[in-house]
Amino acid sequence: MKFGTKAIHAGVHPDPTTGAIMTPIYQTSTYVQRSPGDHKGYEYSRTHNPTRTQLQDALAALDNGTHGLCFASGMAAIDCMVKLLEPGDEVVATNDLYGGSYRIFTRIFAKYGIKFHFVPMHDKEAVRAACNERTKLIWAETPTNPLLHIIDIKAMAEVAKESGALLVVDNTFATPYLQTPLELGADVVMYSLTKYMGGHSDVVMGALVMKDAELAERLAYIQNASGGTPGPQDCFLILRGLKTLHVRMQRHCENGRAVAEYLKQHPKVGQVYWPGFESHPNHQVARQQMRDFGGMISFVLKTDKIEDAVAVLEKFELFSLAESLGGVESLSGHPATMTHASIPAEERRKAGLSDSLIRLSVGIEDAEDLIADLAQAIG
Ligand SMILES: Cc1ncc(COP(=O)(O)O)c(C=O)c1O
């Protein structure tokens with residue numbers, strides 16, 4: 001079955017009692033048992049809920065995995081994944097990653113004795129050098145947030161195998177429409193479903209997808225024990241969003257290309273970060289592992305002054321200044337003070353993240369209008 005057909009049909013079934021074609025919102029916390037332990041597969045909604053089950057199955061199918069697990073946020077999914085580890089274990093993560101991931105690693109899990117190494121992950125040898133016999137997880141995010149580096153997933157899978165570690169890929173920016181990490185050797189795919197997967201900026205949720213039944217069982221145990229599970233209404237909204245994922249992503253990619261090319265030729269714009277440019281340092285890897293280049297773009301003005309960047313952000317009319325990304329509407333952001341403020345300034349600078357960087361999530365409006373907005377804001 002091809003991607004668009006799967007996005008609409010995979011994992012979902014007409015409601016057995018009424019024939020409702022759309023998955024019902026099973027707004028219930030508990031389920032009646034005929035006799036103790038004699039039930040229909042559902043006992044309590046932290047553990048299982050029929051709306052969530054259909055979403056989890058749909059997510060597994062889209063990534064060509066076998067098991068999906070949903071969480072109340074992307075952060076709850078990350079929390080579950082890292083709880084597989086024991087004190088003394090180590091994690092090698094990309095140094096250009098979502099600020100919230102950096103925060104949970106360094107401020108929450110580090111105090112339980114887990115050690116984190118942050119390395120430029122487009123450099124395979126740097127990753128290999130950071131691994132040792134205690135390395136249990138390699139944490140990749142590609143394209144990275146916000147510098148749009150591309151990490152070679154196959155190369156990371158090789159290093160993970162050599163070290164006996166699991167490779168997790170945060171696939172929030174790409175979605176399974178653009179790349180399917182399990183097919184490139186990753187063990188787990190992680191999502192903030194809040195972004196492109198939901199696609200309408202109306203729900204916060206996360207997921208893990210894998211194809212190893214034993215690993216899925218261990219993670220499902222933590223999911224239930226820790227309890228960061230989503231409600232059925234949110235699951236319904238993500239299921240609805242998934243049905244248009246392929247159509248939305250196609251348009252995000254087309255508009256992303258138009259905006260990136262416009263910015264590149266603008267006399268006041270300095271570096272533009274977008275993996276679709278042939279001059280992008282990881283363009284060849286992007287071509288190999290992605291089906292297109294997405295709608296996330298970062299750029300700096302030639303002046304590289306924070307006050308000039310702020311003036312542009314204030315002038316935008318269509319690119320609303322807001323946290324988050326991946327919705328149908330275009331958004332702009334200032335990573336240094338917003339999404340990445342939890343990464344110390346020194347670490348940000350080491351990773352190449354300028355304080356004047358502007359990040360765009362290019363929506364699915366008409367490209368001409370988006371370019372007109374950029375023109376009036378940049379001047
Ligand atoms: C790449 C990436 N991973 C994880 C997260 C965390 O997800 P959530 O906000 O759904 O908890 C985000 C949120 O911005 C993100 O951009």
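The following exercises, with worked solutions, concern a predicted model.

**Exercise 1. Determine whether Tyr273 is buried or exposed, and list its contacts beyond four places in sequence.**

Solution. First, locate the residue: Tyr273 belongs to strand S8 (residues 269-273). Second, apply the cut-off: a residue under 20% relative accessible area is buried. The relative accessible area of Tyr273 is 14%, so Tyr273 is buried. Third, collect the contacts, leaving aside neighbours within four places: Tyr273 meets Leu147, Leu148, Met296, Ile297, Ser298, Phe299, Gly352 and Leu357.

**Exercise 2. Classify the ring pairs Tyr31 with Tyr42 and Trp274 with Phe293.**

Solution. A pair of aromatic rings is described by the distance of the centres and the angle of the planes. The cut-offs are as follows: planes under 30 degrees apart count as stacked, over 60 as edge-to-face, and the rest as tilted.

- Tyr31 and Tyr42 have ring centres 5.5 Å apart and planes at 40°, so this pair is tilted. Both residues lie in the loop between helix H1 (3-9) and helix H2 (50-62), so the pair ties together parts 11 residues apart in sequence.
- Trp274 and Phe293 have ring centres 5.8 Å apart and planes at 75°, so this pair is edge-to-face. Trp274 is in the loop between S8 and helix H11 (283-289), whereas Phe293 is in the loop between H11 and strand S9 (296-301), 19 residues apart. Trp274 is buried at 1% relative accessible area, and Phe293 is buried at 10%.

**Exercise 3. State how many residues of helix H3 are buried, and describe the cap at its N-terminal end.**

Solution. Start with the burial count: 8 of the 9 residues of H3 (residues 74-82) are buried. These include Ile78, Asp79 and Cys80. Then inspect the N-terminal end: Ser73 caps H3, with a side-chain oxygen 3.3 Å from the backbone nitrogen of Met75.

Terms used: Residues numbered from 1 in each chain as written. Predicted model: local features only at pLDDT ≥ 70, side-chain atom pairs only at ≥ 80, totals over all residues. Heavy atoms only, no water. Helix = DSSP H or I, 4+ residues; strand = E, 2+ residues; numbered from the N terminus. Buried < 20%, exposed > 50% of the residue type's maximum accessible area, 1.4 Å probe, protein only. Contact = heavy atoms within 4.5 Å. Polar contact = N/O pair within 3.5 Å; in protein donor to acceptor, adjacent residues only side chain to side chain. Phe/Tyr/Trp six-rings, centres within 6.5 Å; stacked < 30°, edge-to-face > 60°.
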